[in-house]
Amino acid sequence: MELRNTSKQVLLNYINESPQPKLILRAREAIRRYIQEELPSLEEIQAKAQAGEELNEYDHKLLKMEYEARRFEERYHHRPK
């Protein structure tokens, strides 16, 4: 399912408004606000996979979001010490 441009703008506004320090936390908060449901944590999804349960499409999308947010932060916000 493709989001409409107005939906994308709402999500981007939610991300930009979020006080969370990390991109993944801002993204999770934005999605939670948008769909008005709690999202399973990364740990919950990993535990489901380790228990041998099949991951659904929703789980896979959340894993991809986690991966992309971390990759983005490492690439653009990583400051060597």
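This is a predicted model: local features need pLDDT of at least 70, side-chain atom pairs count only at pLDDT 80 or more; totals for chains, interfaces and linings use all residues.
Asp 59 is buried, at 4% relative accessibility.

Now step back to the whole protein. It has four helices and zero strands. Along the sequence the pattern reads α-α-α-α. The C-alpha trace spans about 40 × 35 × 20 Å along its principal axes. Of the 81 residues, 28% are buried. Among contacts with a separation of 6 or more, 31% join residues 24 or more positions apart.

Ile 15 lies in helix H1 (residues 5–17). Its relative accessibility is 19%, so Ile 15 counts as buried, the cut-off being under 20%. Leaving aside residues up to four places away in sequence, Ile 15 touches Leu 23, Arg 26, Ala 27 and Ala 30. The C-alpha atoms of Ile 15 and Arg 26 are separated by 5.1 Å, though the two residues are eleven apart along the chain.

Charge is the next theme. Side chains of opposite charge can pair when their charged atoms come close. The protein has 15 positive and 15 negative side chains. The centres of these two sets lie 8 Å apart. The salt bridges number eight.

One of them joins Glu 17 and Arg 33, with the closest N and O atoms 3.3 Å apart. Glu 17 belongs to helix H1 and Arg 33 to helix H2, so this pair ties together parts that are 16 residues apart in sequence. Glu 17 is exposed, with a relative accessible area of 53%. Arg 33 is partly exposed, at 32%.

Another salt bridge pairs Glu 2 with Lys 8, at 3.0 Å from N to O. Glu 2 is exposed, with a relative accessible area of 64%. Lys 8 is partly exposed, at 33%. Elsewhere, Arg 28, Glu 66 and Arg 70 are linked in a network of salt bridges.

Finish on the surface. The accessible surface comes to about 6,700 Å², and 50% of it belongs to carbon and sulfur atoms. Leu 3, Val 10, Tyr 34, Ile 35 and Tyr 58 form a nonpolar patch there. Together they have about 350 Å² of accessible area. Tyr 34 is found in helix H2 (residues 23–35). Tyr 34 counts as partly exposed, at 33% relative accessibility.

Methods. Residues are numbered from 1 along each chain as its sequence is written. Side-chain values use heavy atoms; hydrogens and water are left out. Helices (H or I, at least four residues) and strands (E, at least two) are DSSP runs, numbered from the N terminus. Buried means under 20% relative accessible area, exposed over 50%, partly exposed in between (1.4 Å probe, protein chains only). Contact means heavy atoms within 4.5 Å. Accessible areas come from the Shrake-Rupley method with a 1.4 Å probe; for residues, only the protein chains shown count as cover. Lys and Arg count as positive and Asp and Glu as negative; His and the chain ends are not counted. The place of a charge is taken as NZ of Lys, CZ of Arg, CG of Asp or CD of Glu. Patches are made of residues with over 30% relative accessible area and no salt bridge: like charges are joined within 9 Å, nonpolar side chains (Val, Leu, Ile, Met, Phe, Trp, Tyr) within 5 Å. A salt bridge is a side-chain nitrogen of Lys or Arg within 4 Å of a carboxyl oxygen of Asp or Glu.
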